[in-house]
Structure formats: C-alpha cells, structure tokens
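Subject: Structure handover

Hello,

Here is the structure we talked about. Please have it open while you read the notes below.

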Amino acid sequence: MRNIFNYIDRPSPIHDLTGATKLVCLLLWSFAAMMTYDTRFLAMLPVLSFALFVISKIRLRDVSFMLGFTVVFMVLNNVLVFLFSPQHGVSLYHAKHVLFSLGGRYVVTQEQLFYHLNLVLKYLSTIPIVLLFVCTTDPSEFAASLNRIGVKYSIAYSVALALRYIPDIQREYHEISQAQQARGIEMSKKQTLVKRLKSAGAILIPLILSSMDRIEVISNAMELRGFGKKKKRTWYMARPFSRWDILAMILSAGLLVTAILLNVRNGERFWNPFV
Amino acid sequence: MKNSPVKTIVAIGIGAALFFVLGRFVAIPSPVPNTNISTQYGLLAFMAAIFGPVAGALIGLIGHALIDFSYGWGIWWSWVIASACFGALIGLVASRLSIEDGEFGQKGIITFNLFQVVSHVIAWGVIAPVLDIVMYKEPANKVFLQGLVGGISNIVTTAIIGTLLCVAYAAAKPKKGSLSRDR
C-alpha cells in the first residue's frame with residue numbers, strides 16, 4: 001500500500017502551487033477556522049473549499065473513503081456532546097428557547113441545535129481542506145516545505161524519514177504478524193484482553209528490535225555522508241514561489257484577518273443571534 | 001552511551017513511522033464497541049526511554065499528526081499535543097534508567113511504570129481536555145470522560161507493551177562491565 005496518504009497526481013492549478021504555499025495556506029485556514037465560531041464565516045468556508053475541490057480536479061469518489069471516517073467521527077462527537085451536556089448551547093448563548101423535551105434533563109433548545117450546527121460547520125470547514133492538502137501535496141515535497149516555513153531541517157528530515165519508512169515497516173509488520181500467527185498466536189475477539197495484548201507484544205518486539213537495528217544502519221549511512229555538518233541544506237523537491245503562490249498566501253492570510261476582525265466585532269468567539 | 005544527534009534524528013523518523021503503523025494498522029479490538037486499543041503508546045514510552053525527551057516529544061507529535069492526516073479528519077491538535085507531552089514527560093524520567101546498558105530489573109520496571117502512569121494522567125487527564133475546552137469549546141464533562149477512558153487504556157497498554165519492550169531490549173544488550181580481562 002504505497003499510497004497511504006492518498007496523494008493523487010493530476011495536473012491542476014492547485015497541484016502547481018508549491019508544497020510550502022499549500023502548507024502555509026492550510027495553517028492559516030485552520031487557524032482562521034479554529035479561532036472563530038461565527039456561523040456566517042464558518043458557513044462560507046465549506047463553500048470555498050468545495051470550489052477549491054472543483055479547481056483541483058479531485059473527485060468525490062477519490063476521497064469518499066476518508067470522508068466516511070469523518071462523517072462517523074462527526075456524528076459520534078455530536079451525539080456525545082448532546083448526551084453529556086444537553087444545555088451547553090444555553091450556557092454559551094445566554095438564552096433559552098425550548099423546542100421540546102425528551103424527558104429528564106434532555107430538553108432540546110434552539111441554542112443547543114444552533115451549537116450543534118456550529119460544531120458540524122466547524123468540521124466541514126476544516127476537514128475538506130486537509131483532505132485537499134493531502135490529495136494534492138506530494139509527500140516528498142512536504143518535508144521540503146516544512147523546512148521552507150522555518151522548521152529546522154533536521155526535524156524536517158525526520159518527517160521525510162518517517163514518510164519514507166512507513167511502507168517498509170508496514171510490510172515488515174505484516175510478515176512478522178503472519179509468521180507469529182502461523183505459530184498460533186491469536187489476536188481476534190476470541191481471546192481475553194490481556195492475552196490479546198501479550199500476543200501483540202509477540203509481534204511488536206521483533207518488529208521494534210529490528211527497527212532499532214535499522215536506526216543504527218541509517219544513522220551510520222547518514223553520518224558517513226556528513227549529514228548535519230552544515231547549517232543549511234537544499235532539497236531535491238523544493239521549487240521557487242510563483243505569482244500564484246504569493247496570491248494564494250495573501251488570500252489565506254485575508255481569511256485569518258477576517259476571522260480575527262469578526263471575533264473583535266462580536267466581542268466573543270460566538271456569533272449570537274439569540275440576544 | 002551518548003547518542004549522536006544524527007542517530008536521534010533517525011530515531012525520531014523511524015519512531016514516528018512505527019508509531020504511525022501501530023496506531024493505524026495494529027488495531028486490537030477492545031470490549032467497548034468502535035474503539036481500539038492503541039498499542040503505540042507502549043512504543044512511544046520505550047523510544048522516549050532510549051532516546052530521551054526531545055525524541056519522545058517529536059515522535060508523538062509527528063506520528064500522531066501523520067495518523068490524523070491519513071484519516072483525513074483534520075489534525076486534532078489538542079490530542080496531538082497531548083501525545084507529544086506524554087513522550088516528553090516519560091522521556092525526562094525514563095531516559096535516566098540505563099536500559100541501553102542492559103539494566104532493567106525490578107527497580108527499573110517499577111520506576112518506568114510509576115512515571116508512565118503519572119505522565120499519562122497529566123497528558124490525558126489535564127492537557128488534552130483543557131486544550132479541547134480552550135480550542136474547541138467542547139463541554140467539560142464530555143472531554144474529561146474521553147480523556148479518562150483514553151488515559152486508562154493507554155496506561156494499560158504502556159504497562160504491558162512498554163515494559164515488555166524495555167525488558168526484551170535490555171536483555172538483548174550486553175551488560176555494562178560484563179566483560180572482564182583474562183589474567
């Protein structure tokens with residue numbers, strides 16, 4: 001399974017942006033979406049990201065598998081919030097408009113439903129953009145972009161190493177797991193929990209001990225090639241910024257500024273239509 | 001033995017890759033429906049014990065962020081940061097144990113487990129829920145319960161898998177001073 005991060009190589013204006021630009025935009029966008037609970041702003045972001053999806057030529061069925069996870073997660077989280085705190089919206093919006101009662105403390109109010117709407121919008125405004133980033137950014141360019149935005153290159157290189165070795169380690173895990181299962185370890189629901197954990201240990205110990213050897217081999221090879229001697233390094237996958245890169249970054253910065261201004265105007269993080 | 005900086009960088013990379021593979025594919029079904037037991041925290045504690053707090057923090061940060069990326073539900077920063085904090089906290093104490101020198105006896109096991117419990121409690125009982133409230137404005141009792149459930153299951157897996165790993169690794173290392181000169 002090489003394509004675990006779901007990168008889809010398909011020429012489009014979004015793919016042409018450099019990885020660093022996309023990373024900066026993603027961060028600015030996420031901060032903007034995280035900062036405010038202004039419903040109007042949050043409702044605009046999903047529309048915008050849908051437009052970006054169209055531009056990037058990523059189709060719905062390319063990401064349907066990942067979207068499935070998201071929907072389950074979103075529903076589960078909403079249900080949990082309601083179960084634990086059915087009056088959370090009332091305390092946030094300082095008003096109470098009762099719609100109907102489900103018995104006990106589970107009284108459905110307009111405020112609570114509005115809070116849930118905000119919660120759903122919050123997912124819809126952050127998740128599609130992450131998906132878009134994952135689908136349009138080459139993982140090998142990702143490490144170079146981290147270095148570009150100011151992360152130390154040794155750490156950026158760690159990320160590159162992780163991305164490079166995930167498929168190898170995955171394959172090795174699979175081999176060890178099958179070898180151990182042939183010897184009779186059981187990891188399914190038929191076993192008790194402690195037994196299951198112990199059999200996980202029987203797979204993990206060989207995997208991790210062989211990875212420790214791998215660390216030794218790789219670091220020796222890197223040291224022999226003089227890694228870490230200089231303060232800077234160049235990246236094979238790095239590209240210079242174009243006009244479009246600058247434009248995309250300015251637009252994303254605009255989003256963040258809008259979010260901050262909205263917070264200032266609303267006086268708090270929530271836009272409150274109830275009082 | 002002091003690790004070279006290059007070795008630490010590689011350990012962070014490989015550690016994050018292992019963290020990712022364990023978190024993503026080694027799913028042990030738990031008694032609670034729809035939740036899996038995350039074995040990766042046993043690995044994280046072990047790596048932090050060998051390579052120190054900085055490596056622990058970065059393995060947690062990179063590994064957890066990559067898992068979130070691959071599921072595509074956006075990065076849940078509060079929990080990613082909690083993972084990083086757990087790596088740093090356990091690394092602070094456990095890296096003082098001399099596992100690298102082949103010593104991990106009863107005393108080592110007790111210290112390791114005591115501090116992994118403390119670190120998990122701080123990470124999932126305090127850091128994750130507080131960040132959830134600050135960043136996402138979620139109801140307090142919900143996030144504290146989530147933290148509690150996650151924390152307890154992580155404590156159990158770290159106790160079993162982390163300890164097993166440390167024992168196996170220490171046993172594979174020659175003991176300090178195990179060689180004596182023939183006279």
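Domain bounds here come from an automatic or database domain assignment. On that basis, chain A holds domain 1 (13-138 + 238-266) and domain 2 (150-224). The centres of these two domains of chain A, taken over C-alpha atoms, are 34 Å apart.

Some ground rules. This is a predicted model: local features need pLDDT of at least 70, side-chain atom pairs count only at pLDDT 80 or more, and totals for chains, interfaces and linings use all residues. Residues are numbered from 1 along each chain as its sequence is written, while chains are lettered from A and ligands numbered from 1 in the order in which they are written.

Chain B overall

Chain B has six helices and two strands. Helices (H or I, at least four residues) and strands (E, at least two) are DSSP runs, numbered from the N terminus. Read from the N terminus, the order in chain B is α-β-β-α-α-α-α-α. The C-alpha trace of chain B spans about 70 × 30 × 30 Å along its principal axes.

The radius of gyration is taken over C-alpha atoms, and the globule rule is 2.2 Å times the number of residues to the power 0.38. For 183 residues a compact globule would come out near 16 Å; chain B has 17 Å, which agrees.

A residue is buried if 20 or more other C-beta atoms lie within 10 Å of its own, exposed if 12 or fewer, and partly exposed in between; C-beta atoms are placed from the backbone. By that count, 56% of the 183 residues of chain B are buried.

Two residues are in contact if their C-beta atoms, placed from the backbone, lie within 7 Å. Of the contacts in chain B with a separation of 6 or more, 73% join residues 24 or more positions apart.

Helix H2 of chain B

How many residues of H2(B) are buried? The count is 12 of its 12. Among them are B:Gln40, B:Tyr41 and B:Phe51. The expected span of a helix is 1.5 Å times one less than its number of residues. For H2(B) (residues 40-51) that gives 16 Å, and the end C-alpha atoms are 16 Å apart, which agrees. B:Gly52 follows H2(B), with a positive phi near 95 degrees.

Where the chains meet

The contact takes 46 residues from chain B and 52 residues from chain A. On the chain B side, H1(B) gives the most, with 15 residues. That side divides into 34 nonpolar, eight polar and four charged residues. Here Ala, Val, Leu, Ile, Met, Phe, Trp, Tyr, Cys and Pro count as nonpolar, Asp, Glu, Lys and Arg as charged, and the others, Gly among them, as polar.

Best wishes
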